[in-house]
Amino acid sequence: MSETAAKPLRVGKGMSGSRDASEAGKAAATAALEPLGGEQPALILVFATPRYDLPALLAGVRSVTGSTLLVGCTGSGEIVGGDYLGFGGGVGVLAMTAGPYRFAASSAGDIADDAESLDAAGQALARSSRELAGTSPYAAALLITDSLLGDLQQFVQGVYRVTGPRIAIVGGAAGDEQRFVKSSLFHDDAILDKGALVLWIASDRPLRVVTRHGWQPIGAPLLVTKAVGTEIVELGGRSAAEIYEEQLNLPSDLTPAAFWAISILHPFGLTQPDGSHVIRVARAKTSDGGLKTQGCVPSVGGAVQVMVGSADSLLGVTEEVVSTALEDRPDAAVLLTFSCAARAMILGDRAPEEAARLQAAAGETPTFGFYCCAEFARTAGVMGTHNATLTAVAL
Amino acid sequence: MPDPAALEEYRTAIRDTTRLSRLLAILNDPAPVVVVVDRVVIALSEMFAADVVALLQPNGQGELTTIGSIGLPEELKGARFSGEAGGCAAAAIQSRVPVLVEHAIGEAGMDPILTELEVETAAWLPVLGSREVLGVLVLGRGQPLGFSRSDTDMMMTMLHRIGLVLERARAEAERAHLESRLRQAEKAESLGRMAAAIAHQLNNKLTAVMGFLELAHGEIAAGRDPSTDVEDAQEAARDASRVGLQMLTYLGQGLRGREPLDLAAECREWIPQLSGGLRKDIRIRSELPENAPLITGSPADIRELLAHLITNAEESMSAGGEILIVVREAVAAEIEQSSLVHSAWTPGDGRYLCMAVSDSGSGMDAEVLRNAFDPFFTTKFTGRGLGLAVVLGVVRAHDGTLTVSSTPGVGSVFSVLFPLARA
């Protein structure tokens, strides 16, 4: 550890939009390794469109990176430097030397989506990845999960039971470009379905997670009186969908597509003690008048507010995220970023602006990340699952 | 447009009401105390953005033990909070009112556990029973955001209810004590089962020996060569001897010659040979450092230990998968007491060399894990059930220890820790 601790972290990034999965993997990996100047990478991050032949993509990357630890997933767009790869855009690869860190990952597939299983999986993967990485004064647990596993906060909670507050928790849920059918995780040569992984980043210094969203509350707070799984069934004792439509003056007969087009612009915010809000996006109405949310729902007894935002307000947090993340670490070698797929959808044609502004704010520090279906960032208390946010950690 | 002040007042009222209703719903749940306490601490952590929440109970020795917590990392789960006079917990117990601490880092009386977790603000709240203070609820934040009076007023409202939970906890602890005694009785039964299994194994082998010798006797009487029957008898006798040797190993009395040993080098030598016999759908990967510190050990025993752990991992992965073997340095502080296989072991101050064997197999539930290292316990159709018992014996004979973490459906990690050789 002491020998590697003296070495600076070196990173290289690559991307490819080739339609040939194998060629795309090789090209992005080759470009990522090149800046390392022959130094051995310790970690490879891969974020890609789900449209690829994933085994061929992974084989292409591994043909270049060999057996170096690899983690990643499919998403809903990638952030590579100032570039934004939208839906179907391609693959981004980040190669990192160990520098002052030690990396280790543990993963599991086919995880049951009930609360107990997710909590247990979070504990088990945090424990085993920490075991493999070894002890250190500080660390970050970078989580990547399937977005279709149910209440992802239960997984975060399981991880937090093992880590406590000195270990940063950050990451994002894999996606499939907003189809919500199947997302995939990568761990070395394996492609995991219904999976989760914990990448343990052992560090001698604290690692700080930053998350911001740019949404503002409107109207009166609402009380969650019934919630099941990832569905808010009732607000204030009435149908959640009815109350939501009432607050926004929406007709009750919107098509699912029309409802989604509006609800993505009006997520719920859970009020926190410091006045901030944790965001939850209502993805669809259910047949019984409930609201299906993305990732996890507020607990019964929780107060929520309908939020509003605009492309400008969402993009407006970008510089603050970067400056706060780099505040303690001006010598950072890379800024890992996790933005929400919903943000990209809201931004529409302006989506590339986010990646460009991230990189402009970060200056010489390369940025790398993907668009998630839930962002993980534990900053206060046990709650660490978010929607519609921009999250970052500097290494 | 509603009046902003009125709206804020309404928001606060709604928030407090919902906090109370949520906590009441949890506290009224007839679930086991451990579940209720877990839900309470998680709810409080969410509601008050508290990084650490712990419900503590005095243990009669000037300390407080944790009944339930969130935010205490695993290595601190068994740690005891200070109940000494002058400390925050003692002040809350004596005064029977909340003790609030801001800028807690470096503050006199702050518990070392919270200091280690870099807690900036903390609230210590006495849990009042009908006659006495039953415990303390502590909430800590890592950011300089103090708990408000309305926060603590609300929490105090709930503390009587939490007191009832603590009284239930006491009753359940008493029951747990009785169950522990029952488990001891079950262990005695397990010993009986083990004795019967040894007798059965040896009897089988000796019956075979006697049978072959009788056949040999017949061959001699008939003037024929008895060599084949004598060799079969010898093989059966050797088999019986192996059972005995493995039992001695389990008991830590079968240690072969010890010498300074490079564990990573031993793994490098043996893993390729041992992986040759694995199924084709099993991959084996290793992370073995160069120039790792030496341990004192028996190469033959280490090889046997490695073989049993690999076999165990392979058998747990019926659908194939990967076995990962990592050798690295470790310190006593990171050894999780809750995962120790033999809980009587206490860590010294020294450093260790850890060999972790992980698999992505079926994992073990608590029941299987409790018995996994008992001799002759097996969940498989074949085998004597001595593999993990031998592993434990080898570890004990090397003055080491063994931790296991396992989750059904996810896999298991067996970590063997050997003390480093003395320089």
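**Figure 1. The buried residues of helix H2 in chain B.** Val33(B), Val36(B), Val37(B), Val40(B), Val41(B), Ile42(B), Ala43(B), Leu44(B), Ser45(B), Glu46(B) and Met47(B) are the buried residues of H2(B). This view, like the others here, comes from a predicted model. Helix H2 covers residues 33–47 of chain B, 15 residues in total. Because 11 of these 15 residues are buried, H2(B) is largely enclosed by the rest of the structure. From its first C-alpha to its last, H2(B) reaches 21 Å, close to the 21 Å expected at 1.5 Å a residue. A handy thing to remember when you look along a helix: an α-helix has 3.6 residues a turn, so residues three or four places apart point the same way. After H2(B) comes Ala49(B), which has a positive phi, near 45 degrees.

**Figure 2. Ser69 of chain B and its contacts.** Look for Ser69(B) in strand S2, which spans residues 63–70 of chain B. Ser69(B) is buried, and its relative accessible area is 11%. Leaving aside neighbours within four places in sequence, the residues in contact with Ser69(B) are Asp38(B), Val41(B), Val53(B), Ala54(B) and Lys77(B). You have already met Val41(B), one of the buried residues of H2(B).

**Figure 3. An open sheet of 5 strands in chain B.** Follow the strands across the sheet in the order S8-S10-S11-S13-S12; their pairing is mixed. Strands S8 (282–287) and S12 (401–407) of chain B stand at the edges with a single partner strand each, so one side of each has no neighbour in the sheet. On average, neighbouring strands of this sheet are turned by 15 degrees against each other, direction ignored. If strand pairing is new to you, strands of a sheet pair through backbone hydrogen bonds, either parallel or antiparallel.

**Figure 4. Strands S12 and S13 of chain B with helix H10.** S12(B) pairs with strand S13 (residues 411–419) of chain B in the antiparallel sense, over 7 bridges. Here you can find Val404(B) opposite Phe414(B) of S13(B). Helix H10, residues 387–397 of chain B, lies across S12 and S13 of chain B and runs at about 145 degrees to S12(B).

Figure 5. Cys372(A) is buried, with a relative accessible area of 0%. In chain B, Cys88(B) is also buried, with a relative accessible area of 8%.

Methods:
Residues are numbered from 1 along each chain as its sequence is written. Chains are lettered from A and ligands numbered from 1 in the order in which they are written. This is a predicted model: local features need pLDDT of at least 70, side-chain atom pairs count only at pLDDT 80 or more; totals for chains, interfaces and linings use all residues. Side-chain values use heavy atoms; hydrogens and water are left out. Buried means under 20% relative accessible area, exposed over 50%, partly exposed in between (1.4 Å probe, protein chains only). Two strands pair if DSSP finds at least two bridges between them. Helices (H or I, at least four residues) and strands (E, at least two) are DSSP runs, numbered from the N terminus. Axes are lines fitted to C-alpha atoms, for helices over the stretch in contact, and angles run from 0 to 180 degrees between N-to-C directions. Contact means heavy atoms within 4.5 Å. The expected span of a helix is 1.5 Å times one less than its number of residues.
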